[in-house]
Amino acid sequence: MRNGTSRRKTGMRTALAATTVLVLGATALTVLPAAAADESIAVRYRHGGAGSDQAAPWFTVVNTGTTNIPLSQVKLRYYFKADPGASYTYACDWAVKGCAHLMGTFGTPATPTATADRYLEVGFTAGAGSLAPGADTGDVQLRFHRSDWQPLDQSDDYSFGPAQTTYGNWTKVTATIGGVQVWGTAPAGNEATPTPTPTDPSPTSPTTPPARQGVLFDDFDYTGHTDPAITAHGWTIRSGGGGPGVGAATWAPENVTFTKEGTNSIMTLRTSTAGSGASTRQTEVHTAERKFKNGTYAARVRFADTPTSGPDGDHLVQSFFTINDLTAPMADDYAEYDFEYLPNGGWGETANVLYTTSWETFRPDPWEAVNQHTETRTSQAGWHDLVLTIDDTGLVYYIDGKEFARHDARYLPERPMSIHFNQWLIDLVGQTSTTTRAYEERVDYMLHVKDEVLTPAQVAAKVAGFRTSGTAFKDSVPSS
């Protein structure tokens with residue numbers, strides 16, 4: 001959203017090649033924490049194939065304990081040394097439990113080492129079921145590669161073992177059950193530390209549990225763009241210049257207004273132009289803090305196909321999205337999740353189109369993008385209930401109560417994000433007139449519920465509850 005007019009070009013490579021590397025060896029199981037003494041697993045690994053541009057760790061997880069283990073509680077970590085400036089993409093080629101029930105994300109160890117400054121964490125969804133004592137998952141054939149498909153250097157990877165061509169115990173891959181490490185040896189300084197059993201006596205007097213945190217709701221009931229409550233409530237109305245959009249355009253706080261429609265308060269973002277960059281006034285409202293990650297995001301938004309005045313045809317973007325900053329080109333901790341409506345086309349489209357897009361990363365110059373998107377090429381003029389849910393299994397986008405898109409776990413956020421609404425012009429070639437025209441995007445409310453996946457019906461009920469109680473604003477989401 002914030003990095004130039006060519007963001008929608010997809011440089012993502014969609015054809016995935018054959019598998020590649022990972023390692024194995026045999027070592028004894030580490031001592032189990034007392035809390036997990038009846039739950040234990042072994043991780044067996046083999047190097048899945050040869051190749052210079054991919055790694056292919058294949059695993060089998062075996063229940064070596066005495067009780068059933070829900071696979072949704074199991075996570076594996078494969079450690080490697082990242083190539084300078086590289087980001088990575090995960091894929092599942094085949095799994096007995098089904099690739100739909102596998103998820104892979106990349107992270108950074110707490111204490112990076114010379115052979116391990118990145119890891120691939122692999123987990124299972126609830127749909128993978130449980131492992132009975134003595135049972136195993138069968139093959140889990142995974143793969144990852146650099147997002148730019150350049151060759152991988154695996155020779156200095158902690159968990160890499162090129163000689164392991166058949167399955168065998170491999171303790172350079174760690175495993176946890178419910179967050180407790182039960183298998184493997186992590187790189188130095190990254191050992192799991194089980195929580196000790198408390199020995200102090202229980203308090204003699206009752207304690208009051210902390211207030212439940214995790215909801216941001218705003219009915220946008222403000223007097224105008226200078227209302228001090230806007231800043232007090234954690235919002236920023238953007239001003240000045242900068243992308244996205246046409247060069248020399250400015251972001252105009254005065255074009256963000258607040259009115260009543262019946263009993264509801266409405267925020268309006270107005271964007272205008274007279275056909276030049278200098279005459280273009282765009283609008284954006286966003287949270288000042290990046291403190292939002294998993295959970296439910298919802299807003300009621302009115303898109304428009306035509307301007308409120310002047311000639312039609314501009315390549316306009318009307319949006320609701322979450323985003324964090326790109327720390328380096330192709331950085332794999334970038335995240336962005338968009339609802340974007342283009343009433344007059346743009347980005348190569350010739351008519352109205354609505355995109356939902358989940359971003360892994362991108363490079364602005366030369367342009368390269370890694371994302372997953374779903375689109376519909378029909379008019380979206382009018383009010384719409386937009387809902388996005390994010391959990392450890394993936395991302396789901398809803399429009400007006402119906403599922404619109406489901407995107408893969410590889411695009412999940414690694415860092416917290418901010419929440420944005422904006423309206424801007426991609427370019428000035430859709431309409432060349434010098435007559436002033438103006439477009440409006442309207443917002444009824446915004447809701448975020450931290451770490452909870454709500455259905456669209458539950459979103460509607462929660463919003464109705466706030467309004468019935470007279471609550472126009474609430475923010476109990478802790479700072480990240």
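This is a predicted model: local features need pLDDT of at least 70, side-chain atom pairs count only at pLDDT 80 or more; totals for chains, interfaces and linings use all residues.
View 1. The strands follow the order 7-8-5-12-13, and their pairing is antiparallel. Strand 7 (102–107) and strand 13 (180–183) stand at the edges with a single partner strand each, so one side of each has no neighbour in the sheet. From one strand to the next, the twist averages 30°. Look also for strand 5 (residues 74–80) and strand 12 (residues 173–177), which pair over 5 bridges; here Leu76 has Ala175 of strand 12 as its bridge partner.

**View 2. A salt bridge between Glu121 and Arg77.** The two side chains meet at 2.7 Å, N to O. Because Glu121 belongs to strand 8 (residues 118–124) and Arg77 to strand 5, the pair ties together parts 44 residues apart in sequence. Glu121 is buried, at 17% relative accessible area, while Arg77 is partly exposed at 28%.

**View 3. A salt bridge between Arg143 and Asp93.** Their closest N and O atoms are 2.5 Å apart. Arg143 sits in strand 10 (residues 140–146) and Asp93 in strand 6 (residues 88–95), 50 residues apart. Arg143 is buried, with a relative accessible area of 1%, whereas Asp93 is partly exposed at 32%.

**View 4. A network of salt bridges.** Arg290, Asp325, Asp333 and Arg415 are linked here. Within this group, Asp325 and Arg290 form a salt bridge whose closest N and O atoms are 3.7 Å apart. Asp325 lies in the loop between strands 21 and 22, and Arg290 in the loop between strands 19 and 20, so the pair joins parts 35 residues apart in sequence. Asp325 is partly exposed, at 28% relative accessible area, and Arg290 is partly exposed at 42%.

Key:
Residues are numbered from 1 along each chain as its sequence is written. Side-chain values use heavy atoms; hydrogens and water are left out. Two strands pair if DSSP finds at least two bridges between them. Helices (H or I, at least four residues) and strands (E, at least two) are DSSP runs, numbered from the N terminus. Axes are lines fitted to C-alpha atoms, for helices over the stretch in contact, and angles run from 0 to 180 degrees between N-to-C directions. A salt bridge is a side-chain nitrogen of Lys or Arg within 4 Å of a carboxyl oxygen of Asp or Glu. Buried means under 20% relative accessible area, exposed over 50%, partly exposed in between (1.4 Å probe, protein chains only).
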